[in-house]
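Student: Could you show me how to read contacts between aromatic rings in a protein model?

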Amino acid sequence: MLRSIRMYNKMWHQTQDALNALLDTESQNIIEPQRNQVFVFQMLATFYIKYVQIFRNLENVYDQIVHPQKRILIRKILDGVMGRILELKNDMVELELTEFHYFDDILQDLKLAPQQLDIPIPKYFLREKLEAIKGREKMLEQILADSGLHVPDMKITAKPIPLEEAVKLIQIAERARQGRLRALFMKQIYLQEYRAKQARLLGEQVADAGAAALRIQKVWRGFHQCKKTEREREEEMVFLGMNPPPRFDEVSPTITQAEKVNHLRNEVQMKHEEHYREALVTIKNDLKLIEGPDIKENLQDQIRHWFIECRNLTGTFPNYPDAEDGGSAIIFSNKTPEQVIEDILTNQDDEEKNKKKKKKKEKPKKEKEKKVAKEKPKEEDEEWKMSPSVFLQSLQEGNSLYKDMWMNKDESWNFPQDYDPELIKQEKRKELESEIRVQVDELMRQELKNLKLAVNKEMELPVKEGRRKGKKKGKKGKKGKKGKKDKDLTADRTIESLYRELVEEGLLIQSLKVNLSDYIGSPTVHEKAPLVKSLLLAGPSGVGKKMLVHAICTETGANLFNLSAANIAGKYPGKSGLQMMLHVVFKVARQLQPSVVWIEDTEKTFYRKVPHAEKQNEPKRLKKQLPKILKLLQPDDRILIVGTTQRPFDAELQSFCKVYEKIILVPRPDYASRYVLWKQIIQRKGGILTKALNISCLAKVTDGFTQGHIVEVVKDVLTERRIRQQVRKPLTAGEFITAITSMNPVYKEEEDCFKDWYAKTPLGKRRALSLTAGGKEKDKDKGRKKGKKEKKKK
């Protein structure tokens, strides 16, 4: 256990060093503008890949390290790294105008494998709210069971039959068993009689013992050599990586032991966090009893000294800051009274000098600003600068905290890696000082009044109080100008009742237990996890769009709301009903974040022309409401609207693209993906891979078929009876090929329709324009070069 703790501490220090170096290089490149687009993309891609490596290491460290105070800092840096990855991804999309990027050359330069580019789902997404998710699932199952909407598992149940028929079936089976045994016994008797008869015909001949031994040796040596050759071929294929090693799928005892250690470490994490929370309260109370009176006296002496020094230097007592402005904390923030007095005197002199200089320099500055404003657009058109980052500052702050606090800290005394009481005391002293300062400010304000009355015989004018009251009134007036909030149509109802209503109406459904690791397909799909309000997954039937929606809910513990046109047909009729439905859905979605609002076959909501058969269902009910909902969603609302479609070209393009900010085209699987699909799905369904099953042939023949087709074929072929027969009759590729011939693949014409439609989307248009503009510039450059050559020849 201690060895693993040291290992993860070492990993954390190495990751912080890598982050520090990356922040230094990135800060240099942000300042320097670039013009070469290829160089800019390589720079962004390099930063992206390095941040992904740092994210993978930090996520592993945060999951396994047990020190509670270290985990707070690691979590802060981890959130900043995740945000920076999304910012770099957005910059790459804006630069290349495509959602798909290729990092082959950069991965080769960095000596990394493609698997190291995958972004893992942070384990704390589910672990930190596991109890809430379990409680929500229990409530959902209970509501479904009470309302009779619970879908039971699809299992084959035997129908009850009368007793007489059951007895007849048992008798038939028993007679068949006895008949098989009798036939086997008669066969053995026949063979014995046949061998005896052959012996009588041939006569009793004494065989040569040497010749018999030689024959036995030949047969044995041949058999032994065949087995040896097969074993050597298998070892060679394993060595070349063509075949998996023996017991490849079995879980080794080291892995089971590692899982036990991880589970134990998670328990230690929880215990240390509980101890840390308790220590936050107990240490603060102890500091309040022991150090509280001394802190109060020091603050009072510090403020009194300030009174006297200001009186000696300026001749009058200072004005005490208001409680709204922060009180004495503004004046004495990390400063001594002497430093405060020097600042007051210098500020007075500077203000007088600045007033005189401002009048002279106002006009020239305006003229210069106009000239700079005119010149800047030309430079910005030619040069590219990295967009400002929101997360770099937090990353730098976290990195500096690591350097100051943990980089060279001696922890030889803290073997169990429990909380550090000295760090807690430092934090709580500041909190305690701010709390005591409020009390001290009230006392010292009264003391200042008494000093003014006693020494200077001064009285506070009522004008100041009037001004202060006026300021307060002004602030209140500003509050009244804020925009009105939306009316809560269900203010008198609880979230539990609204939750139950949505479940009973079928608008809140139970998501399938699907992990992103279960989604087998093109690896570029796994990179798409944008933090946007709305996302559209478009592609042919069977490529895994619905599976991705369920995977998002499973990995993040999100609720799944179904607002598909077919699902809301006939529910909450009329305009008021539609308004109430959307209000209830998004109120529950906000209260029980995160949430996913799924619109299946979303092209129906934006139909160009509604088919006659679907007019009764009113599929376009949400067309006008969705843009309004997107405007109301705030950045703090962890709600994602996800649409899936297999016919996007049936929808109005403008309104379609306005609602969905991100559009991802999910393609059919390529050869490598189909190879992995066939291999893994056959194994998951109980199939055994042997040499008789040519998976490469299956992957080649099924070009054009989707993941859904392959799953359906494997289900049809691998019945319970066929799985039992695999021992004596191995699986072959022909069985699957004959089953897939009855299905229709994705033809090239359909795939071209998706590509043409995607080219009409905003991102597709921008990319087409950039490509055409780039081609024209190249043609102009070629023409210029030709003209120069011709002039030289003349």
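This is a predicted model: local features need pLDDT of at least 70, side-chain atom pairs count only at pLDDT 80 or more; totals for chains, interfaces and linings use all residues.

Student: How many aromatic pairs does the structure hold?

Tutor: There are 15 aromatic pairs. To name the geometry, look at the angle between the planes: over 60 degrees counts as edge-to-face. Take F307 and Y320, whose planes are 65° apart with 6.2 Å from centre to centre, an edge-to-face pair.

Student: Where in the chain do F307 and Y320 lie?

Tutor: F307 belongs to helix α10 (residues 292-314), while Y320 is in the loop between α10 and α11 (337-382). The two are 13 residues apart, and the pair links distant parts of the chain.

Student: Is F307 buried or exposed?

Tutor: Residues under 20% relative accessible area count as buried. F307 is buried, at 1%, and Y320 is buried too, at 10%.

Student: Why is the pair of F606 and Y660 called edge-to-face?

Tutor: Because the planes of F606 and Y660 are at 70°, with the ring centres 6.5 Å apart. F606 sits in the loop between β4 (595-600) and α18 (625-632), and Y660 in the loop between α19 (653-659) and β6 (662-665), so this pair ties together parts 54 residues apart in sequence. F606 is buried, with a relative accessible area of 0%, and Y660 is buried with 1%.

Student: Which residues do ring pairs link into a cluster?

Tutor: The cluster is made of F606, F656, Y660 and W757.

Student: And what sits over the ring of Y62?

Tutor: That is the charged end of R71, 4.2 Å from the ring centre. Likewise, K409 lies over the face of W406, 6.0 Å from the ring centre.

Definitions and conventions: Residues are numbered from 1 along each chain as its sequence is written. Side-chain values use heavy atoms; hydrogens and water are left out. Rings of Phe, Tyr and Trp (its six-membered ring) pair if their centres lie within 6.5 Å; planes under 30 degrees apart count as stacked, over 60 as edge-to-face and the rest as tilted. Helices (H or I, at least four residues) and strands (E, at least two) are DSSP runs, numbered from the N terminus. Buried means under 20% relative accessible area, exposed over 50%, partly exposed in between (1.4 Å probe, protein chains only). A charge sits over a ring if NZ of Lys or CZ of Arg is within 6 Å of the ring centre and within 35 degrees of the ring normal.
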